[in-house]
Amino acid sequence: MNYFSLNKEASNTTFKDAVIRGLAPDRGLYFPETITPLPESFFKNIDNLSHSEIAFEAIKQFVSPEIPEADLKTIVEDTLNFDFPIVELNKNISFLELFHGPTMAFKDVGARFMARCLSHFSKEDAKQDVTVLVATSGDTGGAVASGFLGVEGVKVVILYPSGKVSDIQEKQLTTLKKNITALEVDGTFDDCQDMVKQAFLDAELTDHMKLTSANSINVARWLPQLFYFMFAYKALHNKYDNLVFSIPSGNFGNVCAGMMAQQLGLPVKHYIASNNENNVVTRYLESENYDVKPSIQTISNAMDVGNPSNFIRIQEIYKNDFNLLKENLSSYSFTDEETKVAMKEIYNDFSYVADPHGAVGYLGAKNYVESHPDVHCVCLETAHPTKFLDVVGEVIRENIELPAQIAAVMDKKKKSIKVSTYTDLKQYLLNR
């Protein structure tokens, strides 16, 4: 499989090179040259396949021939060593829990898959370490830190906005040490993301070191997210005819991955992008005007993204056909107050504790189901509620036991380096 830049001013390249580069030389995101649908028999017989077998068949075409099939099977099995349970609330709405991995966030799958791909490539080329440079609005940092911890030949530098991630999220990305460094940025997530993109275009840096990113801009972080949708289909397709997905959306990697699963033949006809007040896509679908605004801080902080990087990939999937996109995607936006009300409703009506992101997904599902009562909507519950204890505790007023993965970091000492500008980041990288 080769990949092309969506800016279409750079040469096409291999999966390996796309993973190591992260961003194309023309600053574009990489996209696969072709997408070959899986045979109908795959979905007809999906009940007989394990999660690892489903994932292997789904991802194989995107990584061949750089990773041999035997190695890919090992990578997939190592990536998916935890559960993906579904909790049905009623005949119309379920939660797909994606938080049973080591950092209790959906990003564990992509981070673990990418780390193992880079480890595979580093064994082939041990001449120079790869530096993974990643911006986080919350859960990406912890998932990347955990996924890459101790991986030989890989150093990780995580940029996060000071005071704009939860205490637990901050602990998960600032306490691991070894090959992980956290840079605390005086600014927003958009500032962090802009610094990362600027670094990839800085010849002085890229001539000095191998840089890649572990945000969902990286194909090895983004593509494995399509697994979730296939797992949910396997679990529910015999019970419900019309499955749709409501996805809490920030950088739009998960929505885009779901659409890639659809391109592979997954029989799902519609997706719902559920936004907080950072709602550029909601407004775009209403007006056809893509009006980017600076991000604002909300209680669902992982979605505090003013300019979603992956939306250009969605536009590529639908060949920039606005009407075709609207047939496949709805989007709703909700305030913090509406999110809190939803968290309380979910707890009171279903005895289920949702985190703020899952609650936004639930609200999107409710809105869609009102006008489409024949569907069953699967909401992606993307993080364990204890990662947002201040908000969850305020709303439901119940003590929530800390899972082992969270308790393990609570007493560890934070270690971060404060930076304010791109110059600070560049100086740090050059002097490492």
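The model is predicted. It holds three cavities of 30 Å³ or more. Helix α3 packs against helix α4 and also against helix α11, while helix α5 crosses helix α6. A cis peptide bond joins S64 and P65, and K178 has a positive phi.

**Cavities**

- The structure has three cavities of 30 Å³ or more, and the largest cavity contains about 270 Å³ of space.
- The largest cavity is lined by 23 residues, and the closest to its centre are F106, K107, G250, N251 and A302.
- By class, the lining of the largest cavity has 13 polar, eight nonpolar and two charged residues.

**Helix α3 with helix α4**

- Helix α3 spans residues 51–63 and helix α4 spans residues 69–79; they pack at an angle of about 130°, and their axes are 10 Å apart.
- On the α3 side, the contact is made by S52, A55, F56, I59, K60 and V63; on the α4 side, it is made by E69, L72, K73, V76 and E77.
- The residues of the contact between α3 and α4 comprise six nonpolar, four charged and one polar.

**Helix α3 with helix α11**

- Helix α11 covers residues 226–236; α3 and α11 pack at an angle of about 140°, with 10 Å between their axes.
- The two helices, α3 and α11, are therefore oblique to each other.
- Their crossing, α3 past α11, is right-handed.
- From α3, the residues H51, I54, A55, A58, I59 and F62 meet L226, F227, M230, F231 and K234 of α11.
- Nine nonpolar residues, one polar residue and one charged residue make up the contact of α3 with α11.
- A55 and I59 of α3 take part in the contact with α4 and also in the contact with α11.

**Helix α5 with helix α6**

- Helix α5 runs over residues 107–124 and helix α6 over residues 139–148; their axes come within 8 Å and cross at roughly 40°.
- As a result of that angle, α5 and α6 are oblique to each other.
- α5 passes α6 with a right-handed crossing.
- In α5, the contact involves K107, D108, A111, R112, M114, A115, R116 and L118, and in α6 it involves D139, T140, A143, V144, G147 and F148.
- This contact of α5 with α6 has seven nonpolar, five charged and two polar residues.
- K107 of α5 is part of the contact with α6, and K107 is also among the residues closest to the centre of the largest cavity.

**Backbone details**

- The peptide bond between S64 and P65 is cis, with omega about 0°.
- P65 sits in the loop between α3 and α4, the two helices that pack at about 130°.
- K178 is not a glycine, although its phi is positive at about 50°.
- The position of K178 is in the loop between α7 (167–174) and β8 (180–185).

Methods:
Residues are numbered from 1 along each chain as its sequence is written. This is a predicted model: local features need pLDDT of at least 70, side-chain atom pairs count only at pLDDT 80 or more; totals for chains, interfaces and linings use all residues. Side-chain values use heavy atoms; hydrogens and water are left out. On a 1 Å grid over the protein atoms alone, a cavity is a set of points where a 1.4 Å probe fits but cannot get out, and a pocket is an open set with protein on both sides within 12 Å along at least five of seven lines; lining residues have an atom within 4 Å of a point. Grid points are joined across faces, edges and corners, and a volume is the space filled by probe spheres set on the points. Ala, Val, Leu, Ile, Met, Phe, Trp, Tyr, Cys and Pro count as nonpolar, Asp, Glu, Lys and Arg as charged, and the others, Gly among them, as polar. Axes are lines fitted to C-alpha atoms, for helices over the stretch in contact, and angles run from 0 to 180 degrees between N-to-C directions. Helices (H or I, at least four residues) and strands (E, at least two) are DSSP runs, numbered from the N terminus. Contact means heavy atoms within 4.5 Å. Angles under 35 degrees count as roughly parallel, over 145 as roughly antiparallel, 65 to 115 as roughly perpendicular and the rest as oblique. A crossing is left-handed if the near helix is turned anticlockwise from the far one by less than a right angle, and right-handed if clockwise.
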